[in-house]
Amino acid sequence: MSAIRSPLSDEARTVTGEALQGAVVDLVDLSLLGKQLHWNVIGRNFRTVHRQLDAVVDLARRYTDMCAERAAAIGVNPDGQSSTVARSSHLHGVEPGYIGDEKAIRLITDVLAAMITRMRTRMDLTAQPDPVTQDLFIDVVRDLEEQHWMFQAMV
């Protein structure tokens, strides 16, 4: 079996790999939370919130794949297994049952704000060791901030 080698130094690969792994966990977690809310949201704004949550899930899944593949490309094995995500999660679960649309909006808005902060940290950490990965994080932050704005505008 051959190993994937990267032109990055070991130190740069470690910093970048850790940032990408954190992003994979965050994004998998966001996609799961987004679907949980999507399936259980109720209220006057159900349809709008339901559809907007799907946009968040699509974004999270797309960038999960991009971050995981970037990690693999630099010789770092990504881990998006449910046990890894559960162990490393920054998110709190939601109570079972229906969730009112206003509560769902507040919850996803808060989750997105915290995730944007972590992604911006990763963006800064990868600026010097791997500008290519930093560029990916810039895209992730831009799209997360757009979703954050859209949910904030609903309240």
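Modeller: A residue counts as buried when its relative accessible area is under 20%, as exposed when it is over 50%, and as partly exposed in between (1.4 Å probe, protein chains only). By that rule, 45% of the 155 residues of the chain are buried. This is a predicted model, in which local features need pLDDT of at least 70 and side-chain atom pairs count only at pLDDT 80 or more, while totals for chains, interfaces and linings use all residues. Residues are numbered from 1 along each chain as its sequence is written, and side-chain values use heavy atoms, with hydrogens and water left out.

The whole comes before the part. The chain holds 5 helices and 2 strands, where helices (H or I, at least four residues) and strands (E, at least two) are DSSP runs numbered from the N terminus. Their order from the N terminus is α-β-α-α-β-α-α. The radius of gyration (taken over C-alpha atoms) is 16 Å, close to the 15 Å from the globule rule (2.2 Å times the number of residues to the power 0.38), so the chain is as compact as a globular protein of 155 residues. Its C-alpha trace spans about 55 × 30 × 20 Å along the principal axes. Of the contacts (heavy atoms within 4.5 Å) with a separation of 6 or more, 84% join residues 24 or more positions apart.

H2 has 28 residues and reaches 40 Å from its first C-alpha to its last. That is close to the 40 Å expected at 1.5 Å a residue, the expected span being 1.5 Å times one less than the number of residues.

The buried residues of H2 include Val-49, Leu-53, Val-56, Ala-60, Tyr-63 and Cys-67. An α-helix has 3.6 residues a turn, so residues three or four places apart point the same way. The buried residues of H2 pack against helix H1 (10-40), strand S1 (41-42), helix H4 (101-125) and helix H5 (131-152).

Ala-55 and Gln-147 lie 92 residues apart in sequence, yet their C-alpha atoms are 8.1 Å apart in space. Just after H2, Gly-75 takes a positive phi of about 90°.

Helix H3 (residues 82-88) contains Thr-84. At 7% relative accessibility, Thr-84 is buried. Leaving aside residues up to four places away in sequence, Thr-84 touches Gln-21, Val-25 and Asp-79.
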